[in-house]
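Grab a pencil and work through these exercises with the model open beside you. Try each task before you read its solution.

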Amino acid sequence: MNHPLSEFNRRQFLTTATAVGLTASLGIKSTRSAENQLPDIQIIDTNVNLFQWPFRQLPLDDTQTLVQKLQSLGIKQAWAGSYEGILHRDITSVNQRLTDQCRRFPLLIPIGSINPTLPGWESDLQQCHQKHQMPGIRLHPNYHGYTLKDPRLLTLLQQATTAGLFVQLAVSHEDVRTQHESLQTADVDLTPLPDLAAKVPGLRLQLLNAKLRPDLLNKLGQSPGIYFDTARVESTDGVPELVKHLPAGRVLFGSHAPFLIPEAALVRVSESSILDTPALKSVLADNATRFFSGSKANQKQPAKINVKTGDSKNSAPPHQTAGLPANEVLEGYRIWDSYFTPAHSHPGRDGSSALIAEIERAMPAIKAGKFEKLCYFPHVGIGTTTDRDLEQRLQTHPELVEQPLKRWPDLLLGMIQLNANNVPASLDALTRWLQDGPMRGVYFPGGGPAALTCTHRNFDPLIERISDLNGVIMQHTWFITGGKKSPRMSTPSELAMLAKRFPQQKFICAHAGGEWERGIRAVRDSENILIETSGFDPTAGFIEMAVRELGASRIIFGSHLPSRSLGTELCKITAAQISEADKRLILGTNYRQLLNPTSD
């Protein structure tokens with residue numbers, strides 16, 4: 001059953017849908033940025049929210065500012081839920097305010113919130129359908145306190161489907177590791193969803209902000225009524241891999257703006273160079289058009305996606321990736337990446353094959369970002385993995401460690417992974433690889449057999465020796481809501497304690513502590529600590545706070561490629577509301593000067 005759209009929304013949607021792929025105009029160019037845009041695709045963003053996030057002010061939480069940003073990126077339509085729908089219990093007024101706000105901005109399509117645990121939720125559903133003429137509804141089971149086995153949910157899905165409404169189910173909103181300690185909310189358990197969907201013929205249900213295990217993804221993909229968005233899909237080729245493993249037409253573009261930086265989601269779709277133009281159009285617009293209309297009689301079957309082979313991907317000419325600054329701007333930043341993580345936990349049983357393959361996998365994103373240098377963290381055979389054969393091989397064949405540096409001498413730098421649990425072996429490694437070898441510093445891991453809390457006294461002789469050799473120190477750090485998952489992890493507060501013992505030595509606080517609001521504050525008074533930017537979602541406002549509290553000269557860019565996305569990590573800086581001079585410091589100048597104080 002087709003949903004009876006209001007005349008206004010019908011005209012708006014049909015105009016957008018007809019224009020998809022048929023026009024070269026992509027909307028208003030932002031006066032504050034120079035983002036690349038896709039020249040023949042008008043984008044539909046299926047996942048945005050309006051109003052205020054309860055726990056932090058977001059740079060784009062003003063609706064007009066958000067709309068202007070979306071327009072600058074070529075987004076012609078955005079399906080908007082309401083942050084108020086997460087915690088407010090007066091859902092009637094929540095949906096009314098959402099509708100009123102969306103009427104002011106033709107780009108926005110209101111998607112109402114429904115909480116089936118509230119008395120009279122059926123009236124809210126009826127109002128979304130008949131009064132507000134919404135095409136769909138959005139559910140938040142984890143915040144509203146019900147599971148997918150709740151019989152009220154089945155009734156809701158049946159009624160929504162009968163009314164011709166699609167359903168969006170928010171699997172998460174925020175990484176569980178960084179949530180507010182007073183409101184820790186697990187991701188929605190989707191295990192019952194295939195059975196649930198089978199009970200609702202004609203269901204159109206889109207999962208938002210999902211990060212799924214392969215086995216569950218395969219099961220969900222077998223249910224024809226379940227669709228997915230791209231908002232929290234990670235790795236440099238995560239979106240193409242999602243597209244490849246699902247039936248055609250099931251992946252829809254979503255940004256999760258303004259909580260996440262919208263540019264990040266846009267870059268993530270195309271950074272790998274794997275999806276060709278028809279595939280990009282499917283993900284960015286066509287699939288959403290089909291999902292929205294819900295009319296099978298008038299739809300063509302979505303075409304099977306063509307995924308490029310490794311050879312065709314690597315031979316393709318460098319492209320301009322939509323959502324990033326223009327190529328000449330990127331080149332002007334002179335980007336030096338301090339946190340490149342190919343095969344970070346294991347380079348391969350032969351000591352190098354997996355590492356080389358992962359570097360090659362990251363090359364399209366490296367080219368798209370116009371990186372000058374990247375620093376990776378090799379194992380050198382001192383007990384930083386649990387593979388004894390590998391450790392012995394790296395000890396006896398040091399040429400394996402140097403192989404990437406020799407293959408890409410103009411691109412790569414190295415900092416060895418150190419093991420503070422084995423001080424003698426680590427001191428020997430410092431002589432071999434820093435004093436006599438090509439490495440530029442050390443990386444202290446936060447997990448695995450080499451992890452040790454950085455306040456431990458084993459660090460003292462190592463820091464002294466690294467300081468003598470003018471080495472750079474990168475310490476993995478995380479603040480996790482609810483406390484450490486392992487007693488050997490390090491937090492930014494503990495790194496600040498170590499840094500106080502060695503005031504002349506510079507330290508890099510990897511990942512800014514993960515929960516960056518606390519991490520920034522923890523190291524704020526430690527002038528010899530710089531923070532690194534990678535390892536967590538592209539949460540809006542991070543860089544702005546870091547620049548305000550630390551100054552741009554204490555922030556260093558890291559990509560975490562290829563396990564993280566170029567869009568996720570680079571857009572934290574390029575899309576931040578800071579000066580171009582500050583961006584240049586963060587993206588390259590600070591790291592170069594740390595490695596060589598006389599540089600630049």
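**Exercise 1.** How many bridges join strand β11 to β12, and do the two run parallel or antiparallel?

*Solution.* First, a heads-up: this is a predicted model, where local features need pLDDT of at least 70, side-chain atom pairs count only at pLDDT 80 or more, and totals for chains, interfaces and linings use all residues. Residues are numbered from 1 along each chain as its sequence is written, and side-chain values use heavy atoms, with hydrogens and water left out.

Step 1: find β11 at residues 371–376; strands are DSSP runs of E with at least two residues, and helices are runs of H or I with at least four, both numbered from the N terminus.
Step 2: count the bridges to β12: there are three, and the strands run parallel. Two strands pair if DSSP finds at least two bridges between them.

**Exercise 2.** What is the strand order in the open sheet of three strands?

*Solution.* Step 1: read off the order, β10-β11-β12, with parallel pairing.
Step 1: spot the edges, β10 (335–337) and β12 (412–414), which each pair on one side only.

**Exercise 3.** Which strands does β2 pair with in the parallel sense?

*Solution.* Step 1: β1 (residues 43–50) pairs with β2 over six bridges, and N49 sits opposite G81.
Step 1: β3 (residues 108–110) pairs with β2 over three bridges, with A80 facing P110.
Step 2: check how covered β2 (residues 75–82) is: seven of its eight residues are buried (under 20% relative accessible area, 1.4 Å probe, protein chains only).

Methods:
Buried means under 20% relative accessible area, exposed over 50%, partly exposed in between (1.4 Å probe, protein chains only).
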